[in-house]
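Colleague: I have a model open and want to learn how to read it. Please take me through the features one at a time.

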Amino acid sequence: MAFDYEKYIRPGKLPHIWCPGCGHGIVMKGLIRAMDSLNLVKEETAIVSGIGCASRLPGYIDCCTLHTAHGRAAAFATGVKLAKPEMNVILVGGDGDGTAIGGNHFIHACRRNINMTYIIMNNYIYGMTGGQFSPATPTGHKASTTPYGNPDPNFDIAKLAIGAGASFVARGTAFHANQIDKLIAEAIQHKGFSVVEILDDCPTTYGRRNKYKSVIEMMNRLKEVAVPVKAAEKMTAEQLEGKILTGVLHKVERPEYCEEYAKVIERAGGAK
Amino acid sequence: MSKKVAFLQGNEAAAYGALYAGCTFFAGYPITPSTEVSEVLSAELPKIGGKFIQMEDEIGAMAALLGGALAGKKALTSTSGPGLSLKQELIGYGCIAEIPCVVYNVMRGGPSTGMPTGPSQSDVMCAKWGTHGDHATIALMPASVQETYEMIVRAFNLAEKYRMPVHVLPDEIVAHMRERVVFPEPGELEVINRTAPSVPPAEYKPYDTKFGDVPPLAAFGSGYKFHVTGLNKLPDGFPTTKAEYVQAEEERQIRKVTANIDEIVEFEEFMLDDAEICVVAYGSTSRSARYAVNAAREQGIKVGMFRIKTFWPFPDKQIKALAGKVKGFIVPEMNLGMCSLEVERCAQGKAQILGINRVDGEPINPEQIIEKIKEVK
Amino acid sequence: MARYELRFSGAGGQGLITAGIILAEAASIHEGKQAVQSQSYGPEARGGASKSEVIIDDVPVDYPKATKVDALLALTQEACDKYSADLKDGGILLYDTDLVTRLPEGNFKKIGFNIINTAKNEVGREIVANIVALGAMIALTGVVSRENGEKAVLSRVPEAFLELNKKAYAAGFEKALAASK
């Protein structure tokens, strides 16, 4: 029997706003399968986002959903989680939202290691505003505001998360759809701040400016550059040139913020 | 006589007032001259199982505050000038999404870094107009340490009752000076809690005007699931661009305050009965004004004071009525004429308006006000 | 009693803010009067000249800052130069005789003794110089009773330092009385 996505979709809220060929829907389906596999209770789950195409995702999911301001998802979510640590808190958003305007909130959520999962759909561009370059746009590539090629170096979002202290960091792609739910489920189950970067595509504002002839070509590129971490172990530096590692990149145990705050309450004599 | 008393700073009293009001969540960022609020609450909140978080920046603090409030907590942040500027983005979010919370902003010199330890009253317009778009504003102006305690409680009441962010705007003098505070007993001050939904989760809409201009707000994690956005929205919380909904929603949000203005606006009239001159003052400046009015009365001058306790909504009705009675208004304030503009608007040319304006980090002293009183023709 | 204004001034770190707070507490909590305390802040409070002001009245204090100072304590020359201009005619200037050598002109009582050295050598710890000064200010002004001043001091200090502070307070009180004769 086919998987029933309707279970977690809000009645009457589809169709979504995403363009044909956009990978965000693939990620949303992966998220729903992950939520289902963990039997997340809708009323006990908050999905929080910022602004942008990817940040429209919470509206479609039948949970407590919070579509915040640009870049602020991690900070709003931190408030929700600290106020109600028993809730599952999942953040979704894009590369510009999460690592430019929301960069400070992002690195500090990583540092606190607060038990939430952040799914970053990295399509290398600001899609909703019409294709301006983001911190993830590769150097030299074209965007509506880099007509001569992007002069900016770009972030490796997964490495940024690891460096800032996230205790679980994984990377998948919109092409490897069947892996997305597993990465997200493992991230949700991990105690601490978990980041799942999904390499995504934006045919409308990125693809057409960067000589991708079709969505299929963009998807094929994701297929070609992705190398699972296990496979990479057996490859030479030369073979890894231009490749991007996927799978669970980083997983450590570190004190979790809400648990640490519970200890503060205990030390202050406020524990029930 | 068994009431607990203490000798506290305004900022400390604000923290204890918040606890009295039932605040269990604080998110902030260190900034002079408001940090004593966070220092007290970082110690006191965990004692009652409450949560205190110091965020990475002012915007993050406002965001976490709104998150905590949506999760059902009575939530407070404290800040000052530059922090208020940064928080404006999300104060607007609190307005449109109708999330109750209290923003305690200690007014210091500005713009920008200005004079971090100098007193000022130059954030009154920022509190009203700082965030973009149309929205209602409530801002309370304490003039003493005891009043700071009580106004924080009232700010929470108004925030919860009208489902919106509420400002408390002490100037640095009130925030930092110490006075005796008599702690009210439980039950002595009114404490208003959020109205929970009366409908089952399946029927719940977060902006359901069937329940009036202030629809009940459910908490995340309380069995209700709903959507919250900063976009213009329908009663069910989902975005809309339909003209008739957007217009009605914006008007309703402002009506929450305008329709209840008599209940929200508080003020004090001091020696105004036979006054020919009215000093309009607020915050610590009203203390100089009181001194000046007493001194001028001794010299036989018929002067009184209208003390603004609620700056927003502005006491239009009262100032308009006074404008028909007095020859002139004196408006002393630690800015270059913000309240004066409002008084001018209300007075409609019926009375002379003389400002006393100081932005040099020094308080307006009674002598300055006495001199100005004598200038009224 | 009518409005009475006191200013404690000296260098940041001399404990003047605390002395002001204790006096205001003595007046408003223990003596049942009205009091407001305020102070200088920021870089100024972390070195250089620093001040703490206390206004005491029988009725609620309106203007919380000093208008004409009734009694001024100066523990450094810099503070004395900076903060003595608005000392009232007939007011009181209490100063440290070792540190303040140039006294301002004016029609007020000038009373001095070696405040810091009293703390250091007679009481035993320089850190209680502020309490010596507080005892002296209370003795000279009578704004609160000797007993209420002591109560306020003792309710602020940890158990282990009660005796030290008691001694400092008494030394200041006695020395000021002796110096004013």
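**Strands across the chains**

Modeller: Start here: S8(B) and strand S2 (residues 34-39) of chain C pair in the antiparallel sense over two bridges. Strands pair if DSSP finds at least two bridges between them. Helices (H or I, at least four residues) and strands (E, at least two) are DSSP runs, numbered from the N terminus.

Colleague: Which residue stands opposite Val36(C) in S2(C)?

Modeller: Glu179(B) stands opposite Val36(C). As for provenance, this is a predicted model: local features need pLDDT of at least 70, side-chain atom pairs count only at pLDDT 80 or more, and totals for chains, interfaces and linings use all residues. Residues are numbered from 1 along each chain as its sequence is written, and chains are lettered from A and ligands numbered from 1 in the order in which they are written.

Colleague: How many residues of chain B are in contact with chain C?

Modeller: A contact means that two C-beta atoms, placed from the backbone, lie within 7 Å. Here 19 residues of chain B touch 15 residues of chain C. On the chain B side, strand S1 (5-9), H7, strand S8 (178-182) and helix H10 (285-298) each give two or more residues. H10(B) has the largest share, with four residues.

Colleague: How do the residues of that chain B side divide by class?

Modeller: Ala, Val, Leu, Ile, Met, Phe, Trp, Tyr, Cys and Pro count as nonpolar, Asp, Glu, Lys and Arg as charged, and the others, Gly among them, as polar. The side of chain B that touches chain C has nine nonpolar, five polar and five charged residues.

Colleague: What domains does chain B have?

Modeller: Domain bounds come from an automatic or database assignment. For chain B it gives domain 1 (5-182), domain 2 (201-262) and domain 3 (267-375). In chain B, 22 residues of domain 1 contact 20 residues of domain 3. H5(B) gives the most to the domain 1 side, with four residues. By class, that side has 14 nonpolar, six polar and two charged residues.

Colleague: What pattern does chain C follow along the sequence?

Modeller: Chain C reads β-α-β-β-β-α-β-β-α-α-α-α.

Colleague: Why is chain C called as compact as a globular protein of its length?

Modeller: Compare the radius of gyration, taken over C-alpha atoms, with the globule rule, 2.2 Å times the number of residues to the power 0.38. Chain C has a radius of gyration of 15 Å, close to the 16 Å that the rule gives for 181 residues, so it is as compact as a globular protein of that length.
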